[in-house]
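Please read this briefing beside the sequence and the coordinates.

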Amino acid sequence: ALEFDKNHYFMRKFVSNQIVFMYTQLLSQYAVNAAHVNRHIAAYFIRLCKFSTKDIGADTGADDMEVDDALGKNYLATKTSTMEPILYNIGLFSVLDKVLN
């Protein structure tokens, strides 16, 4: 039997521009949403910020983290990539500005 990989499932089903847009539209109605709905939206955005893309390729070994180039150690290659940049869109910024002000 195959083992269920929750990170791969999360990445495949819940990480896309359309899903972020849907949550952004839902958050834009924060004043009429129930408190638990707004809390779940915030939890989703926080989970996206913390979700590491290295978790997807679990078969890669620790050797991938030690990348050398002609100039020495490549520190950008060793940094962990997250899904945070998917949240950098004007729609979400506008909604967050409205919520915070």
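What follows is a short account of this model, grouped by topic.

The model is predicted, so local features need pLDDT of at least 70 and side-chain atom pairs count only at pLDDT 80 or more, while totals for chains, interfaces and linings use all residues. Residues are numbered from 1 along each chain as its sequence is written, and side-chain values use heavy atoms, with hydrogens and water left out. The protein holds five helices and two strands, where helices (H or I, at least four residues) and strands (E, at least two) are DSSP runs numbered from the N terminus.

**Overall make-up**

- Read from the N terminus, the elements follow the order α-α-α-β-β-α-α.
- The protein has 101 residues, of which 22% count as buried; buried means under 20% relative accessible area, exposed over 50%, and partly exposed in between, with a 1.4 Å probe and protein chains only.
- About 7,700 Å² of the protein is accessible surface, and carbon and sulfur atoms account for 58% of that area; accessible areas come from the Shrake-Rupley method with a 1.4 Å probe, and for residues only the protein chains shown count as cover.
- Among contacts with a separation of 6 or more, 72% join residues 24 or more positions apart, a contact being heavy atoms within 4.5 Å.

**Nonpolar core**

- The largest nonpolar core comprises 16 residues, and those with the most contacts inside it are V20, Y44, F45, L48, I86 and L87; such a core is a set of buried Ala, Val, Leu, Ile, Met, Phe, Trp, Tyr and Cys residues joined through side-chain atoms within 4.5 Å.
- Two or more residues of this core come from each of the elements α2 (17-27), α3 (35-50) and α5 (90-100).
- Once its neighbours within four places in sequence are set aside, Y44 is in contact with F10, F14, V15, I19, V20 and Y23.

**Aromatic rings**

- The structure contains four aromatic pairs; rings of Phe, Tyr and Trp (its six-membered ring) pair if their centres lie within 6.5 Å, and planes under 30 degrees apart count as stacked, over 60 as edge-to-face and the rest as tilted.
- One of these pairs is formed by Y23 and F45, which are edge-to-face at 6.4 Å centre to centre, with 70° between the planes.
- Because Y23 lies in helix α2 and F45 in helix α3, this pair ties together parts that are 22 residues apart in sequence, and both Y23 and F45 are buried.
- The ring centres of Y44 and F45 are 5.8 Å apart and their planes stand at 55°, so this pair is tilted; Y44 and F45 are both buried.
- Through ring pairs, Y23, Y44 and F45 are linked into a cluster.

**Surface patch and L96**

- Y88, I90, F93, L96 and L100 make a nonpolar surface patch of about 580 Å²; patches are made of residues with over 30% relative accessible area and no salt bridge, with like charges joined within 9 Å and nonpolar side chains (Val, Leu, Ile, Met, Phe, Trp, Tyr) within 5 Å, and a salt bridge is a side-chain nitrogen of Lys or Arg within 4 Å of a carboxyl oxygen of Asp or Glu.
- L96 is located in helix α5 and counts as partly exposed because its relative accessibility is 33%.
- Although L96 and L27 are 69 residues apart in sequence, their C-alpha atoms are 8.4 Å apart in space.

- T24 belongs to helix α2 and, with a relative accessibility of 3%, counts as buried.
- Leaving out residues up to four places away in sequence, T24 touches F45, G91, L92 and V95.
- S28 sits in the loop between α2 and α3, where it is buried at a relative accessible area of 15%; beyond residues up to four places away in sequence, S28 touches V95 and K98.
- C49 is part of helix α3 and is partly exposed, its relative accessible area being 27%.
- C49 and M83 are 34 residues apart along the chain, with their C-alpha atoms separated by 5.6 Å, and C49 touches T82, E84 and L87 when residues up to four places away in sequence are not counted.
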